[in-house]
Amino acid sequence: MPQSAAIISGIQRMVLYETRARYFLVGSNQAQTKHRVLKIDRTEPKDLVIIDDKHVYNQQDVRELLGRLDLGNRTKIGQKGSSGLSRAVSAFGIVGFVRFLEGYYIVLITKRRKMADIGGHSIYKIEDTSMIYIPNDSVRVTHPDEARYVRIFQNMDLSSNFYFSYSYDLSHSLQYNLTLLQRPYELWSSAASSTEEEVHTQSKQDSFDIFEEEGLPTQVVYGLQNEPYYKYVWNGKLLERVKDIVHHDWLMYIIHGFCGQSKLLIYGRPVHITLIARRSSKFAGTRFLKRGANCEGDVANEVETEQIVHDASVMSFTAGSYSSYVQVRGSVPLYWSQDISTMMPKPPIRLDQADPYAHVAALHFDQMLQRFGSPIIILNLVKKREKRKHEKILSEELYPAVINLNQFLPPDHCIDYIAWDMARYTKSKLCNVLDRLSTIAEDVVKRTGFYINRSDFYCHTIRPDDRWGDVGGHITTSGRVQTGVLRTNCVDCLDRTNTAQFMVGKCALAYQLYALGMIDKPKLQFDTDCVRLFEELYEDHGDTLSLQYGGSQLVHRVKTYRKIAPWTQHSKDIMQTLSRYYSNAFSDADRQDAINLFLQVYQPAETKPHLWELPTDFYLHQRSTMALPQDRRSYTLWWSEGILSYLPVAYDEVPCDNTMKKVSVKRVNRFDESIDIYTEFFKPYEITSFDDTFCIAMTNSAREFMPKTVGVDPSPFTVRKPEETGKSVLGKSNKEETLLQRKTAASAPPPPSEEAISSTSEDDSEEDRDDDGSVSQRSTPIKLLTESGESSRMQEEIQQQTVKEPYGFNLAEFPAEEDLLTYRRFAHLGESQHRVERTEHINLANISCLEPVSCFPEDSIYAVSPPLVDRNSRDVFESHVMTGQGQVKALCRDDILMYREYVKNRYM
């Protein structure tokens, strides 16, 4: 079977040139060896005219083309001085084309920042964009409301948490992307179109193969271009106008949510932990303005969170070890909302429509079965007991809906429903919230399993673990596949949901590291470098999603539920609550208008009322209110056709006819630039600085969390005290300080080889060693004084400091008398402990002074005399026991009078 690889976008840099009649967008690949040109007409006032000749130019051809355009557009009067072609802006990608009431605008990405690297595929964050009006001023038809629409559109801040990649499909999970590469492509290689054959012929001419002239067969690689999952694509509507006109390299899809990556060093072996959150673009909005679900089964605040763990020592997807786990959060899939006109912190929950057959819930879970397979596990964290019904209303509607849908599903693939009042458990002093969540997480991960592209290692055979055999999922020839997903919800899907997802992710991370052969047991403890790094990643993830939906950062964090948060956290929680209330009351409406305009849910027109004139956007998100549905879905067979036959595996990951249509295949030479991920990542044609690479600036467990003292176990799985961590002492440093420390560390003398843990961990932790002013034992002492006496005195001071650092006091000083007496008593107790025969009587007063702490007459470890209880207390206790057994004693006159007085005061 030929090897397969994802196609890398051929346009990663672009320059926009302008003339009076046209815009010329020149795009090139990373190496700037292949170019494409897009011509955009500027003479049409309200229409978008784009011409793509589909021709690939080299660098010389592009220079000649731009020279001819420059010469042909010069005016006769200023032939020598003025230029007919001017450079407008440089960019890294096209967000899309948008039109309000006048002509079209083009939105370009002008700044980017690398956020993660998965198998050599870089993930970038949008840092800045430019919005350029296309029609020329001479043909522009002005409208008084155009500027207001532009301001609303620009309220959607594209520089906050929008991500893209040129070679990795961010709208799909790692499991989908890697299983796609393992499909048997010989079955559909013959279905390549004539256009693809032409592209293959052209790429064969462009690429050079040294074995072709010798008559040896050329190795063919299948290049794959997959259709994105449009639910998580945020610029799909902005590119819809040009999708069928231009080459697919011009199309770049962006996601909204969170992306973070950290490096876990296990004795110098780098393991990258990546967290990617994809926010749904369907029924998207802010906290109180988007609740529940719409008529198509899309829920509010739906976010798919994926944690990817891979061994970074091997980069390739085919040769490396990769693992991922996916979980979902989303609002309760019912027709419900909250009225914010009352200006209350917690507006009452109301059910907008009756749904006796759970139609909207069926549509939602049908989407989940198609994408994730079975089992679907619901973790409902809303309150069960309330003085006034608020959150309980949702549970009373959701549970019957799940029961109704389950009666039509096969028993093996039913939806599991777990209801747990997390807020009530938190208030109880006897219950540990995280212990209960750990039990739920263990059960969930064992049922759904996780994805890994490697079969079991030999270490799993020689060191077996009982829990490993119970892990579910679908086992394939190349590893394991996650089947099913956990869906977590509370009311807002913010604070409680993020803590629950962190505990499930922590449990899954233990199994992922065990499957990769990094730890000997699938169990991770709190207060280890690994869990602290993962907790910080999840808190950044929760803060980002909370800001997007609720308008403030998380109010309750993992430390809050562990009950170890500092006292200053309470004031921060109050400020975050006030910030969230202010955002919900005053700024959410403007943010909702910007989201509706950016996603093209509302498209301005002169015949329609303006966006700010609409009393509500309910009709924009509920299509069934504007037109009668032609085909009504069955209430019993509520799932899509073909899904049940492949369960528990997800339908989207099965190589059937419908899914194969979404993938375009191109036969290319193995030396072709469009699939060469090595050249794409390492860029051998450029001179790059090692200090500026992404892997150096990444959060590092050895640098950020491991203690800097000598003699500490460098394992990231060792439980540490809070004061031992490097972060609590050093804190976070900004980029300039990090670069300065790294340059200082590079110029410092090398440490002794026997002290080195590994080259990687030394490089990463070198920059933070001497921040507190103390001299490390690993560094070579530098003589600042030439005199021998001063030099020796300085060495004594250094020695005292180094001794005092790990022990807390100077060992050279003589201990106090009280400390010596305590030590003698301790030694005497130790001697007496190991005696087998004791002939002499031991006087406890000589060893230690024991004072009774209770009022009992005898107090020792051998006997305790019970306290004296009077007769009245015994009668009361006996009456209480008899009442519990059903033998109620007759009431006396005083009790009856007291009860009558209570009834009179209470009810009359």
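What share of contacts in the chain between residues at least 6 apart in sequence join residues at least 24 apart? The share is 71%, with contact meaning heavy atoms within 4.5 Å.

## Model and overall make-up

This is a predicted model: local features need pLDDT of at least 70, side-chain atom pairs count only at pLDDT 80 or more, and totals for chains, interfaces and linings use all residues. Residues are numbered from 1 along each chain as its sequence is written, and side-chain values use heavy atoms, leaving out hydrogens and water.

The chain holds 27 helices and 25 strands (DSSP runs numbered from the N terminus: H or I of at least four residues, E of at least two). Of its 908 residues, 47% are buried (under 20% relative accessible area, 1.4 Å probe, protein chains only).

## Aromatic pairs

The whole structure has 28 aromatic pairs (ring centres of Phe, Tyr or the six-membered ring of Trp within 6.5 Å; planes under 30 degrees apart are stacked, over 60 edge-to-face, the rest tilted). Tyr124 and Phe164 are stacked, 5.7 Å centre to centre with 25 degrees between the planes. Tyr124 sits in strand β9 and Phe164 in strand β10, 40 residues apart. Both are buried.

Phe162 and Trp234 pair edge-to-face, at 6.0 Å and 80 degrees. Phe162 lies in strand β10 and Trp234 in the loop between β11 and α5, so the pair ties together parts 72 residues apart in sequence. Both residues are buried. Ring pairs also link them into a cluster, with members including Phe100, Tyr133 and Trp612.

## Charges over rings

The charged end of Arg371 sits over the ring of Tyr229, 4.2 Å from its centre (CZ of Arg or NZ of Lys within 6 Å of the ring centre and within 35 degrees of the ring normal). Lys506 lies over the face of Phe526, 4.9 Å from the ring centre.

Note on methods
Buried means under 20% relative accessible area, exposed over 50%, partly exposed in between (1.4 Å probe, protein chains only).
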